[in-house]
Amino acid sequence: MIHYANLIGALGYILVKELEDVEPIRPVLPFLRELGVEIPRELERLKSEYADIFIINIPPYESAFTSQANRLWDAAAIEVWGHYKEAGFQPDLAKARALAPDHVGLELLFLSILLERGLRDMADEFLSMHILRWVPQLYAAVELNYPKSFYAKVVKAALDLSIEAYREL
């Protein structure tokens with residue numbers, strides 16, 4: 001599970017905000033390449049791509065995909081926040097530039113912590129109640145609108161690894 005934890009954590013790091021520095025994920029770059037995620041040398045291009053996809057067009061929040069009112073900080077965000085508190089995970093939303101705790105990057109970072117700590121039951125529950133409930137829709141939206149984008153590959157890798165981790169729990 002540690003291998004999944006590291007990879008899912010790296011993907012969460014990439015998705016939580018515009019990628020500015022690859023150093024924190026350098027150890028897993030070869031494994032990300034195997035998943036089809038090649039970090040381009042020019043990170044400036046990724047900043048505008050990230051903004052176009054996730055800030056302007058496709059909100060990367062669970063509540064945006066699961067709320068009947070289609071708004072942030074709905075029931076899903078509150079549930080996710082509860083999971084974080086239960087496990088002692090306290091993300092800095094401002095530092096992550098996230099508007100709510102149910103941001104895909106934060107959810108993946110949280111999952112990586114659960115897997116790293118060996119909290120299999122909590123990871124299983126979080127995957128089934130949250131990540132696997134909405135990330136397929138996020139991937140479909142990104143793939144439909146930005147099929148050749150770097151972030152379509154990242155979301156696909158995150159979804160695939162989440163499914164694999166769930167099967168092994």
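**Figure 1. Packing of helix 5 against helix 7.** Helix 5 and helix 7 pack with their axes 11 Å apart, at an angle of about 30°. Axes are lines fitted to C-alpha atoms, for helices over the stretch in contact, and angles run from 0 to 180 degrees between N-to-C directions. Helices (H or I, at least four residues) are DSSP runs, numbered from the N terminus. The crossing of helix 5 and helix 7 is left-handed, a term used if the near helix is turned anticlockwise from the far one by less than a right angle. From helix 5, V80, H83, Y84 and A87 meet L106, E107, F110 and L114 of helix 7; contact means heavy atoms within 4.5 Å. The residues of this contact divide into 6 nonpolar, 1 polar and 1 charged. Ala, Val, Leu, Ile, Met, Phe, Trp, Tyr, Cys and Pro count as nonpolar, Asp, Glu, Lys and Arg as charged, and the others, Gly among them, as polar. The model is predicted, and local features need pLDDT of at least 70, side-chain atom pairs count only at pLDDT 80 or more, and totals for chains, interfaces and linings use all residues. Residues are numbered from 1 along each chain as its sequence is written, and side-chain values use heavy atoms, with hydrogens and water left out.

**Figure 2. Packing of helix 7 against helix 8.** The axes of helix 7 and helix 8 cross at roughly 150° and come within 11 Å. Helix 7 is therefore roughly antiparallel to helix 8, the term for angles over 145 degrees. The crossing of helix 7 and helix 8 is left-handed. Helix 7 contributes V104, E107, L108, F110, L111, L114 and L115 to the contact, and helix 8 contributes M122, A123, F126, L127, H130, I131, W134, V135 and L138. By class, the residues of the contact of helix 7 with helix 8 are 14 nonpolar, 1 polar and 1 charged.

**Figure 3. The kink and the buried residues of helix 8.** Helix 8 (residues 120–145) has a kink of about 45° centred on L127. The bend at a residue is the angle between axes fitted to the seven residues ending there and the seven starting there. Buried residues of helix 8 include L127, H130, W134, Y139 and V142; buried means under 20% relative accessible area, exposed over 50%, and partly exposed in between (1.4 Å probe, protein chains only). The buried residues of helix 8 pack against helix 3, helix 4 (62–66), helix 5 (75–87), helix 7 (104–116) and helix 9.

**Figure 4. Packing of helix 3 against helix 9.** Helix 3 (residues 43–57) packs with helix 9 (residues 150–168) at an angle of about 70°, and their axes are 9 Å apart. The two helices, helix 3 and helix 9, are therefore roughly perpendicular to each other, a term for angles of 65 to 115 degrees. In helix 3, the residues L46, E49, Y50, I53 and F54 meet F150, Y151 and V155 in helix 9. The residues of the contact of helix 3 with helix 9 divide into 7 nonpolar, no polar and 1 charged.

Figure 5. L43 is in helix 3 and counts as buried at 19% relative accessibility. Leaving aside neighbours within four places in sequence, L43 is in contact with L19, E20, D21 and V22. K153 is found in helix 9 and is partly exposed, with 42% relative accessibility. Not counting residues up to four places away in sequence, K153 touches G36 and V37. The C-alpha atoms of K153 and G36 are separated by 6.6 Å, although the two residues are 117 residues apart along the chain.

Figure 6. S63 lies in helix 4 and is buried, its relative accessible area being 0%. Beyond neighbours within four places in sequence, S63 is in contact with R71, L72, W73, D74, A76, A77 and D102. W73 lies in the loop between helix 4 and helix 5 and is partly exposed, with a relative accessible area of 39%. Most residues other than glycine have a negative phi. Phi of W73 is positive, near 55°. R97, in the loop between helix 6 (93–96) and helix 7, also has a positive phi, near 60°. R97 counts as partly exposed at 44% relative accessibility.

Notes. Angles under 35 degrees count as roughly parallel, over 145 as roughly antiparallel, 65 to 115 as roughly perpendicular and the rest as oblique.
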